[in-house]
Amino acid sequence: MVRLRNTGNRPLDQVKGWAGFKTLLTTKNSQNPPFKITAIVSSILILELLSLRVEGSSQVEYPISYPAINCRKHSAVLTDFGGVGDGKTSNTKAFNSAIANLSQFASDGGAQLIVPPGKWLTGSFNLTSHFTLYIHKDAVLLASQDEAEWPHLAVLPSYGRGRDGPGGRFSSLIFGTNLTDVVVTGGNGTIDGQGAPWWIKYRSNQLNITRPYLIEIMYSNHVQISNITLINSPSWNVHPIYCSNVLVQGLTILAPIDSPNTDGINPDSCTNTIIEDCYIVSGDDCIAVKSGWDQYGTKFGMPTKHLIIRRLTCISPDSATIALGSEMSGGIKDVRAEDITAIDTQSGVRIKTAIGRGGYVKDIYVRRMTMKTMKYVFWMTGSYGSHPDPSFDPKALPEITGINYRDIVAENVTYSARLDGIQNDPFTGICISNVTIGLTEKPQKLQWNCTDVQGFTSRVTPPACNLLPEKKDNTDCFFPKDKLPIENVELKTCFMSK
């Protein structure tokens, strides 16, 4: 018989942010120029991180406490269901059995499953409602490399095809759909996607369906993903899609900087979402905001809106700190990003779209960004031309308007801005204020390359292009003062004891 443990809760006086690795990659030697992060350095850090995990014992030290949107009345440990944390034995059946058993308590205060210290090899498993998955600080979930442990799922309706191939997709390692009140959290325990074999298959065109993500939650409400470390994902790391009221907090995400499509966090057709206190080293965009692809996204018609991104640190030499698009055909609206640090990253906030996308990106607000060693500070692209199939509508033009950037400092920059709108469909309402950009020793001669854009700047150095004339009245670009509903969520302190 599985022994269930009682839990309790009290109000959380202070929600703690992420901890651990921020200074490790953001510190530079004052006697040397800003460093270049390499895949080797990223791999060393990943190995060092894993070496901190305790091997052998699967004993849990009690009491356990953690912040969550809801606490649970019932609790169990993975070993109660036959889990073996030796890094070799498959625990897919143990996870599925545990969650199936604990799902019976959804209407009786909910349940939580503790993953104790150890290395827990597993394939994909599904979450349930009114449920918490807690990954102990000395636990490592190892993603199985046996494709038989990864079920196949249908194509996402807002995309029309897979990202890696025309077929469907592998289920994510941690997956859930049509859920209410679900939490994935821990004491900064680790999820290791063991992605290298998947990257090889992708690069050699061996895949007909899309690689798995580490966490994907669909069609769900009241979702929390917090205080865990994710490494070596086969593809995207965290993908909430068609969800509302989503909290993503305190994640450390690490992948080699040359790993393909290892986006950090991708909110996709979601409403009322907050992403905060995260540290990401990625082979792709650290955060990519999406809402569907061409005619499929337009037909599905679910925008991403009311999104907060704050206290993010990003390292991604070949991609963006925050990307808006390119799959934005359902619309992206009311995005608020602040207190962002980008180091050795290709661009700051990048807008990506194309003819055929339709949809919109509007009411975007960014402030207090610090950037070091960048190719671009500002980048907008109107010709990001990938399409799911030839049936896209060439008359479907995106609306890009109301883009606000303020209070930005950057150093060691190659290009200040590349802003390419679409002919006969200009990007409008661009405001850039209080920006200081320091250039590399050998910067590009043309610092602001602008076509088919409209707006203005104020107190920007070096001066912007003629399409964004300087206002002399010290105007500051707008940033909303009201709070979004997701900011009013109060976390509880949840406990588990023997």
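## Conventions

A contact here means heavy atoms within 4.5 Å. The model is predicted: local features need pLDDT of at least 70, and side-chain atom pairs count only at pLDDT 80 or more, while totals for chains, interfaces and linings use all residues. Residues are numbered from 1 along each chain as its sequence is written, and side-chain values use heavy atoms, with hydrogens and water left out.

## Confidence and overall make-up

The protein chain has a mean pLDDT (the predictor's confidence in each residue, from 0 to 100) of 91, and 88% of its residues reach 70 or more. Over residues 6–40 pLDDT stays under 50, and for this segment the model has 71 contacts beyond four places in sequence. Where pLDDT is low, the predicted coordinates should not be read in detail.

The chain holds 5 helices and 32 strands; helices (H or I, at least four residues) and strands (E, at least two) are DSSP runs, numbered from the N terminus. Of its 498 residues, 59% count as buried, that is, under 20% relative accessible area, with exposed over 50% and partly exposed in between (1.4 Å probe, protein chains only). Among contacts between residues at least 6 apart in sequence, 80% join residues at least 24 apart. The accessible surface comes to about 19300 Å², of which 50% belongs to carbon and sulfur atoms; areas come from the Shrake-Rupley method with a 1.4 Å probe, and for residues only the protein chains shown count as cover.

## Ser226 and its surroundings

Ser226 is found in strand S16, residues 221–226. Its relative accessibility is 1%, so Ser226 counts as buried. Leaving aside residues up to four places away in sequence, Ser226 touches Val184, Thr185, Gly186, Gln249 and Leu251. With Thr185 there is also a side-chain polar contact of 2.8 Å (a pair of N or O atoms within 3.5 Å; within protein, one must be able to donate a hydrogen and the other to accept it, and residues adjacent in sequence count only if both atoms are side-chain atoms).

## Strand pairing

Two strands pair if DSSP finds at least two bridges between them. An open sheet of 4 strands has the order S7-S12-S15-S18, with parallel pairing. Strand S7 (125–126) and S18 stand at its edges with a single partner strand each, so one side of each lacks a neighbour in the sheet. S15 and S18 run parallel and are joined by 4 bridges; Glu216 stands opposite His239 in S18.

Strand S2 (residues 64–68) runs antiparallel to strand S32 (residues 492–496), with 5 bridges between them. Ala68 stands opposite Lys492 in S32. Of the 5 residues of S2, 4 are buried, so the strand is largely enclosed by the rest of the structure.

## Aromatic pairs

The whole structure contains 14 aromatic pairs. Rings of Phe, Tyr and Trp (its six-membered ring) pair if their centres lie within 6.5 Å; planes under 30 degrees apart count as stacked, over 60 as edge-to-face and the rest as tilted. Tyr219 and Tyr242 have ring centres 4.8 Å apart and planes at 40 degrees, so this pair is tilted. Tyr219 lies in the loop between S15 (215–218) and S16, and Tyr242 in the loop between S18 (238–241) and S19 (244–249), 23 residues apart. Tyr219 is partly exposed at 32% relative accessibility, whereas Tyr242 is buried at 5%.

The rings of Tyr365 and Phe479 have centres 6.4 Å apart and planes at 70 degrees, so the pair is edge-to-face. Tyr365 lies in strand S27 (residues 360–381) and Phe479 in the loop between S31 (453–461) and S32, so the pair ties together parts 114 residues apart in sequence. Both Tyr365 and Phe479 are buried. Trp150, Phe170 and Trp198 form one aromatic cluster.
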